[in-house]
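Here is a short walk through one protein model.

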Amino acid sequence: MHDGRSPPKLSTMHIVIINGPNLNLLGTRSPDVYGSTSLTELEDMCRAWAADEGGTIDAYQSNHEGDLIDHLHAARDADGIVINPGAFTHYSYAIRDAIEAIGRPTVEVHISNISDREHWRRTSVVSDVCIATVFGRGVEGYRDAIRHLAARTAWPIETISYGNGTDRVGDLRIPSGSGPYPVAVLLHGGFWRNTAARDLLDGVAVDLTRRGWATWNIEFPRVGSGGGWSVTQAAVRSAIDSLTEIADGHGLDLSRIVVIGHGSGGHLALRSALGDPGTPIAAVVGLAPIGDLEAAHRAGIGNGGVEAFMEGTPEQSPDRYAAASPMRNLPIGVPILVIHGDQDSQIPAPISRSFAGRAADRGDTVIYHEIEGVGHETLIDPRSTAWQMIAEEIDRLKS
Ligand code: CA2
């Protein structure tokens, strides 16, 4: 039996990939919605992604509900399942029952963004028997699903609700050794959109947990499913405050909470320490953060993501930007670590350079590192040398 503390070996991880109706047509039509990768290419990619995590796959596709159910039954010994049930997602209680019955960790994947297409695609009758749902990330969603299964195997989580609904939850990982443990709150990026989720920070959560941090990798309402600047910020606040209730049973040290965010999650991290933060925050870390919403708007980053999150431009809603942008609310009042890659094509490094300079001018204690030759995602790739350097800097915030 796994005791939840020592990571089991990954080399034995076996994942079954199941694709449902019409996915055999992938790459032959509707490339605007489903891309140009064929099913065979996708299955080969899944094999390579699994191998990269030290695992193996079996892949099946069928257009028939009963066949899919038979494949699920046959997968009852797998370590994990990745399933795209196609249109059965939206109404097949039989597939839902099969997933529940075999009780294997199952990740639901959709290539397209099912939340912004026809109304009937928004319903999934399988989501709540799956451990995670990935949608709207193209075929890379299968990679993320495989990585998520690997991260859960590498270090198990306890998922805890901090409010109502599936978006107000967090994954808690407790390190080995005895507590009380310093706490790293993790806020994922993705321009606050609902196609991005906390699985994006699974890898760094596992690495920080190995380094002795209790990690609280939180979800929050995002644009496309009820989020937006005020709702999202309030949810992040509640997630941090909920640590006071979680602390006792889990050995958390509430005097050593560090909030770490990537990209748009970096905005939420910096914003979370402003004003009267309730639960005290010991330090904030922005990894390629959006510290200045107005500059981000002017730079046109995120393909309309800033304006969608802020529900308007700075010209339309100046007061909102003044309240929500960390740059407009300096000093933050707690030590700040900002790290940015100089090759970041999503959020340009000069935004962080100015932010860090201004924060220091206003009296904040700021460490700013610009890493040469590094882009946006590398910062959160636990295998990158950039991340190893970042993790060492974060470790210095432990005491
Ligand atoms: O986005 C997804 O992955 C879907 O699960 C794909 C299903 C669809 O019914 C779901 O609502 C969302 C199957 C669509 C596959 O259909 C194709 C049509 C033309 C070309 C390729 C695939």
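Which element supplies the largest share of the lining of the largest pocket? It is α5, with seven residues. The model is predicted, with local features needing pLDDT of at least 70 and side-chain atom pairs pLDDT 80 or more, while totals for chains, interfaces and linings use all residues. Residues are numbered from 1 along each chain, and side-chain values use heavy atoms, without hydrogens and water.

The largest pocket has a volume of about 1,000 Å³. A pocket here is an open set of points on a 1 Å grid over the protein atoms alone, where a 1.4 Å probe fits, with protein on both sides within 12 Å along at least five of seven lines; lining residues have an atom within 4 Å of a point. Of the 37 lining residues, D144, R147, D199, L200 and I380 are the closest to the centre of the largest pocket.

The second largest pocket, of about 800 Å³, is lined by 30 residues. Here β5 (132–135) gives the most, four residues.

Helix α13 covers residues 349–361; helices are DSSP runs of H or I, at least four residues, and strands are E runs of at least two, numbered from the N terminus. Its buried residues (under 20% relative accessible area, 1.4 Å probe, protein chains only) are A349, I351, S352, F355, A356 and A359. Seen down the axis of α13, these fall within an arc of 150 degrees (taken from the directions from the helix axis to the C-beta atoms), so they line one face of the helix. After α13 comes G363, with a positive phi near 105 degrees.

How values were computed. The expected span of a helix is 1.5 Å times one less than its number of residues. Buried means under 20% relative accessible area, exposed over 50%, partly exposed in between (1.4 Å probe, protein chains only). Grid points are joined across faces, edges and corners, and a volume is the space filled by probe spheres set on the points.
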